[in-house]
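Let's take a walk through this model together, starting where the chains meet and ending inside one of them.

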Amino acid sequence: MSKPPIDTGELRRRDFFGIAGAGLFVFFRSGPAEAQEPARLPTRQSGPADFNAYLRIGADGRVTCMSGKVELGQGVMTELAQVLAEELDVSFDSIDVVVGDTGLCPNDGGTYGSMTTPLLVPNVRRAGAEARAVLLELAAGKLGVPVERLRVGNGVIGDPGKPGATVTYAQLVEGKRIERHLANIPVKAAAGFQVIGKSPHRKDGLEKVTGQAKYCGDMIFPGLLHAAILRPPAHGAKLKSADTSAAEKVAGALVIRDSGMVAVLHERPDVARSALALVRAEFENPPAGPDDVTIFEHIRKTAPAPRAMGAAGDLAEGERLAAGGIVETMYTNSYVAHAAMETHSATARFEDGKITVWASTQAPFQARSAVMSALGLPADKVRIVSRYVGGGFGGKTEADQGVEAARLARIAGKPVQVVWNRQEEFFYDRFRPAASMTIRAGVANGKIVLWDSQIVGAGDREVVPFYDIPHRRVTSAGGWMGGNPPGMNPFEVGAWRAPTVNSVTFARESHIDALAAKAGMDPLEFRLNNLTHARVRRVLEMAAKRFGWKAARAPSGRGVGMACGIYSNACSASCAEVAVNRGTGAVEVKRIVMALDVGLVVNPDGMRQQAEGCVMMGMGAALTEEVKFRNGEVLTRNFDGYPLARFSWLPKVEIVFVDDPEAAALGGGEPPIITLGAVLANAIYDAVGARLLQLPMTPERVGAALAKG
Amino acid sequence: MERTISFRLNGKLTSLKVDDQRMLLWVLRSDLGMTGTKFGCGEALCGACTVIVNNQAVRSCVTPAGAVEGKQVLTIEGIGQNGLHAVQQAFLSHHAFQCGYCTPGMIVSAYALLLKTPRPTREQIVKHMEDNLCRCGAHGRIIEAIQEAAVAKKGGAL
C-alpha cells in the first residue's frame, strides 16, 4: 500500500490541500455519520467539514479511498477497491484503501449493523463515476475530441478513432488540484460490470498469510511498557485495598494507581502479568445475584415496561378461530460471548501533547470520543488507528482497553500497551443478552390465525413475524441496545452479530414448526401457506430445492429442518440435516444449505466467506456456547469452558444467492447467521421428536428433552 | 533462572539473556520483536501461538524459553522468508482466513502436518488442526488450502 497522503491531526481546509497535494478529489457523505453524530460534524478531521469520505486520484495514477470503517476480516478493503475500480475503469491493483484511522479517514460511522455495503458502497460508486466524468471532460479538452467519442480502459482515456491520441488519469491530474463534491452522476449499469460480481484476491491477504499484518497489540516502540491491570473478581465488586509493595520490588516494574485503576507496567508483558499476581487486593463482594440458570426468571421480573411492537386484528377472535389448535411455549437463550481470537488490544503513545492510540475497535471515532473525554483532550489531540482488527462480531464496538492504554501512557510518559488476556476478554465482554420469548399462537385449517408474543431481553429488531397473521400482538421489553434497568443483566450486554434477530428467529421459526406439526403439515408447505413475503418465499424455495427437501410431517426421523428470516432487509433461509446420538445427546450437523437474498452481490466469494463463517459461529452459539456466571462472577474464563465450533464440526455447506445485479447491495456479514438456532432445533425435533426450547442445545439439554419425550 | 539461551530461529543462530522459565511466545513477541506469532488464550487452548520446534508444532504460550535451548525454532516469519510457501500461497488463493488473527498459527500448524505427513487425508488434516480455533469460520477453506498445498508439493520436501 502506498503512503497515505496526509499525516495526522485536525486539518483546516487550506492545510488539507497543502498536505494532500495534487490530484482529483471527490468528497461525499455516506449517510450514517450525519444521522447519528451531528454534534461531531464541526470537528471532523482531515479536510473540508462537509464530507465524510473521499477518494483521491493522485499524480502517480494511484487511487486512494479513505473510510473510517475498519477491516475486521469482512473484506471491506477489497469491496471498496472493487466498486471504485469498476466505476473509474482502473485496475483493482491500482487502488489503495485506507481505513480505520481518525487522523486520515473521515468519520462515516462505526463498522456494524451491516451498514457498510448498503450505505457506503453506493456513494463510493457514485464518487468513482463522478471522478471518471471529470477526467473525461479534461481529456476531451486536452485531446480536442468530444467526450462522446472517448473510451476509458485501465486509467487511460483515448479516442478509438485516433490511434495514439491517449492521455492517462495521472497526466490529467498532474499539477492540478481538482475538487468535486458528489453530484448525481449515474453509475454503471449491471450489464457493464467487469469488477463488481467478481472475486479478486483480498487486499489484506498477503500481509495476513505472512504474519506481517499489524494488529493493535503488535505495535512496538522504543521504551514500550506493557500493562497488566488489577481486575475485580466479580462485576459489582469494589476494591477495598491493594498492597502493591511486592509488585514494586520486581525489577523494572512500575506500579500506577489512578482513580480506581491499579496497573503494573513492565517492558515484558509476561513479567507485568506475573508482577500483578503479587498484588494483594481485597474486594468487597457484590450482593448475591442471578446465575446462568435463574437468569431467565430474573430478567422477566426485572425487565422494563414492554414496548408495543406490532398489533393487528383482535386477539380474542384469533383465540376463538384457533380453538384446539393453540401452542404456547417459552423459548430462552443464554448469554453468548463474541470470543474473537484477538482480545481487546491497544497501544498508546503520548507525544507533544497529542495521543495516538492503536486500538482494536469497530468504531474508531467512538473510541476517539472516549479517549477525549477520559483524558480531557480536544479532537485534534487524539488519533485512533484501528486498521486490522482480529475479529469483532459486535464485541469491539467499545474500546475500553484504548482508554486504559491512553490513561497509562500519559501517566507513565512512555508508550503503553494493553492486551487483555482471555479471562479479561470474557469478563468484560458485552455479551449477547439472555432472552426469554413467550409465544402463544394458533392455527386453523393450515393458517396461522393468532400470534401473541412477549419478548424479554433480546431487543426490538424483527420481532414482528413476517408471516400473514390476522390477529397478533408483539411486545418487547429491554434488550441489547440499552435502556435496561440496573441489575437486569448482571454485566454489560451489547450487539452480537445480528442483535435480537438470532434470538427471535430461533423462537419464531421453532414455533412455526410446532404449528406445522399441530396442523399436520410439512414445514415448507406450512410456511408457504402462510407467507406472501415474496423475497422470503424465494429464499425458502431456493434453499429447499438445493437441499432436495421432500415433504413430510415432522418428526420424520430423517433429522431435517428448515428456518427463514430477515435481517437488515436481507432475507435468508436454510435447511439442515443432523444426526442425534440418543445415548449422549450429542448433535452432529451433517449438512447446511443456505439461500441468501442480499441484493447485488459485489464480491461473491466474500459473501460466501461471510456465510460459511456464520454457519460455524451459528453452530457454536446453537449447540455449545454459553456464558456461565454466578453473583456477578463470570465463571467462563477461557476456551475450555466455552467450546467454539471446530474443524471436526464442519458440515457440508452449500450457499446459494438470489443475485440481483440491479438491486441495491445489502450487508452480508450478519443475515446468514440468524437461522442457525432454529434450523438445528427443527432438525433435532425431526430426528428424535423432542423440541429444544433453550439455546445452546447442549448434549445435556438434548438428553433431558429426550428423557421427557 | 536468568541465563543465555541459544537456538536457531528461522535458521539464524539467536542468543539472548532471558529468564528461562518465561514463555517462548513473549520472548518472541517482546524480547525479539517478532509479532507474527499471536497471543490468543495463554493456556494452549487455541493454537494462535503455534510455532515449530525441531519439526514439531508446539504452543509457544506454554513452552518455556529454556526448552528451546539448542533447538530449531520456526515461526510464521520464517516460513515466508524465501518467498511465499505453498501453504501460504494456498491460504491466499482459497481466502482461507478473514480477520487473519489465527492465520499464522493455522499456517504453522499446517506446515508441521505436512512435514510429518506430506499427503494427509482429510481426516488427518481435521485431526491435526482440531485444536486450532478460528472464530471467523474459515475451517472449510483451511482444509482445502492444506489439501492443495500438499498436492502442490507433490508429497515432496517442504
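**Where the chains meet**

Chain B brings 42 residues into contact with 47 residues of chain A, two residues being in contact if their C-beta atoms, placed from the backbone, lie within 7 Å. On the chain B side, α1 (24–31), α2 (76–79), α3 (86–94), α4 (103–116), α5 (122–129) and α6 (139–152) each supply at least two of the touching residues. Helices (H or I, at least four residues) and strands (E, at least two) are DSSP runs, numbered from the N terminus. By class, this side of chain B holds 22 nonpolar, 15 polar and five charged residues; Ala, Val, Leu, Ile, Met, Phe, Trp, Tyr, Cys and Pro count as nonpolar, Asp, Glu, Lys and Arg as charged, and the others, Gly among them, as polar.

Please keep in mind that this is a predicted model: local features need pLDDT of at least 70, side-chain atom pairs count only at pLDDT 80 or more, and totals for chains, interfaces and linings use all residues. Residues are numbered from 1 along each chain as its sequence is written, while chains are lettered from A and ligands numbered from 1 in the order in which they are written.

Now look into chain B, where five strands form an open, mixed sheet in the order β2-β1-β5-β3-β4; strands pair if DSSP finds at least two bridges between them. β2 (12–19) and β4 (56–59) of chain B each have a single partner strand, so one side of each lacks a neighbour in the sheet. Within the sheet, β1 (residues 2–9) and β5 (residues 72–74) of chain B run parallel, joined by two bridges; B:R8 has B:Q72 in β5(B) as its bridge partner.
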